[in-house]
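I opened the notebook to look up two things: one residue and its surroundings, then the ligand and its surroundings. The entries follow below.

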Amino acid sequence: MTDLRALSLFNTLTRRVEPVAPLVPGEITIYNCGPTIYNYVHIGNLRTFLFQDLLRRTFEAAGYRVRSCMNLTDVDDKIIRDSQKDLPAGAENDARLRTMRAFTDTYEQAFLEDMDALRVVRPTVMPRATDYLAQMIGLIETLERRGLAYRRDGSVYFRVGDLPNYGCLSRIDRSGMQPGASVDADEYDRESASDFVLWKGTRDGEPWWDSPWGRGRPGWHIECSAMALDVFGPRLDIHTGGVDLVFPHHENEIAQSEGALGRAWVNYWVHGEFLMVEGEKMSKSLGNFFTLRDLVAKGFDPIAFRFAIQSNHYRKLYNFSFDGLRAARTTLDRLRTFRGRMEEEPGVPREGAPRSAVDPRSRVAQAREEFWRAMADDLNTPEALAAILTLVTDINARDDDRPLTRGERDEVVALLDEADRIFAAWPRQAHETPDAEIEALILARRQAKAARNWAEADRLRDELKAMGIVLEDRKDGTVRWKRLISS
Ligand code: AMP
Ligand code: ZN
């Protein structure tokens, strides 16, 4: 029997699949780079968040205690540009900060709705960058004390200089680097590698915070180092993000955190590959840019998207297409139908069904073994799913021929449940809330609204949402509802 707890992952630091040895046996800490909340996240972002969910769920299903953190980037150039555009030039800083907060609150809410619709388990902590100003400032001061940061024109930069470790993650070629050359942009490519900004002196029209270097705001890279160190302390098992974050974001995080700590910080760096659309990079100008809401508007169940993503290996480029999404939905229907069949009582043998030599109990044991061997090998979801799908074929044939007993059916369902702790796509149907109960809650909400009890009306809407029910308030005062996760 495979040791279920021995999981391996591809570590970008070593470019090898390695067994994961946690800092504390049986426990895993994971820091995930989260979204910049300035708009609805797109399906590419969602692929990365689904990969992070897969990682967490796999460790949990294998018996680990997981503590995970996903940050929300709530200050950056794009957020400032979009949130401040309607403010007058002479607006007070307080008003600027408040407006930015209200703007990012809206998109945080939208982001959480998408996460819920995709059954992404909420991270243990979700810190917002602007709540960690003190920690960021403290970290930059430490870097200054250690000679790793310098001031210039009201800003503070990280001195990459001849730091021996810089480039350990991205393996960047540093031969062309000019000492003292620096960039202010948070995102830049390998060719312009140089000293990077930790604290940006304020410019007109921008919200600012006070600091030992005057008014300004943090750079993007320092945000993640400060939050990760604050949440988890000086050692971390796993740090994740999409592949585009390897350089410069994660390289710079390592420089900052290890620079301040004076020693190694993260043991495993794990990166998810990109999503493309029909072979092209997603972009608004190409008209191939989608959010989860766009898919739902086209009639797709968010869980079909989840399943399409999780059916592919997280380190392979995923080429999104609507045909692919439809195919995923068909496979998912097959799994759900099979589950329903196994939950039902045994039927009568079908006349003329081919003789099946399958022994259900040992067949389930074999599928479980295959499933976990695949998952333990760098989250090989396509193989893990193949183990389940061939089980479906074999058990269906056996059930046609000689129906499985109740006990055998329960064993099949137990494996489906075990796999669904990771895939979260074929849950038990029997627990679905009956329509009448939903209608009753909708009526109660209508009455609360009529009584202008908005808090109660919101609470009822949230309760329905937690049950996977979304409401559509129509102009004529009626309410339509649908299950977000169709069965
Ligand atoms: P951002 O909000 O731009 O910081 O991105 C949030 C996360 O989405 C990061 O981990 C990115 O690496 C990831 N990401 C951005 N675009 C894509 C894409 N097309 N496919 C997969 N992940 C992406
Ligand atoms: Zn980050």
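Leaving aside neighbours within four places in sequence, which residues is Ser-155 in contact with? I looked them up and found Tyr-150, Val-197, Trp-199, Lys-200 and Gly-201. I note that the model is a predicted one.

Entry on Ser-155. I placed Ser-155 in strand 6, which covers residues 155-158. I then checked its accessible area: the relative value is 9%. Buried means under 20%, so Ser-155 counts as buried. I also looked at Gly-201, one of the residues in contact with Ser-155. The backbone nitrogen of Gly-201 is 2.9 Å from a polar atom of the Ser-155 side chain.

Entry on ligand 1. I found 15 residues around ligand 1, and Thr-36, Gly-44, Thr-48, Asp-244 and Leu-275 come nearest. By class, I listed five nonpolar, eight polar and two charged residues in the shell.

Next I asked which elements supply at least two residues of this shell. Helix 1 (43-61) and strand 10 (236-242) each do. Helix 1 gives the largest share, four residues.

Entry on polar atoms at ligand 1. A backbone N or O atom of Gly-44 lies 3.0 Å from a nitrogen atom of the ligand. For Asn-45, a polar side-chain atom is 3.0 Å from a ligand oxygen atom. For Gly-242, a backbone N or O atom is 3.1 Å from an oxygen atom of ligand 1. I then looked up the cover: ligand 1 on its own has 490 Å² of accessible area, and the protein covers 87% of that.

Note on methods
Residues are numbered from 1 along each chain as its sequence is written. Chains are lettered from A and ligands numbered from 1 in the order in which they are written. This is a predicted model: local features need pLDDT of at least 70, side-chain atom pairs count only at pLDDT 80 or more; totals for chains, interfaces and linings use all residues. Side-chain values use heavy atoms; hydrogens and water are left out. A residue is near a molecule or strand if one of its heavy atoms lies within 4 Å of it. A polar contact is a pair of N or O atoms within 3.5 Å; within protein, one must be able to donate a hydrogen and the other to accept it, and residues adjacent in sequence count only if both atoms are side-chain atoms. Accessible areas come from the Shrake-Rupley method with a 1.4 Å probe; for residues, only the protein chains shown count as cover. Ala, Val, Leu, Ile, Met, Phe, Trp, Tyr, Cys and Pro count as nonpolar, Asp, Glu, Lys and Arg as charged, and the others, Gly among them, as polar. Buried means under 20% relative accessible area, exposed over 50%, partly exposed in between (1.4 Å probe, protein chains only). Contact means heavy atoms within 4.5 Å.
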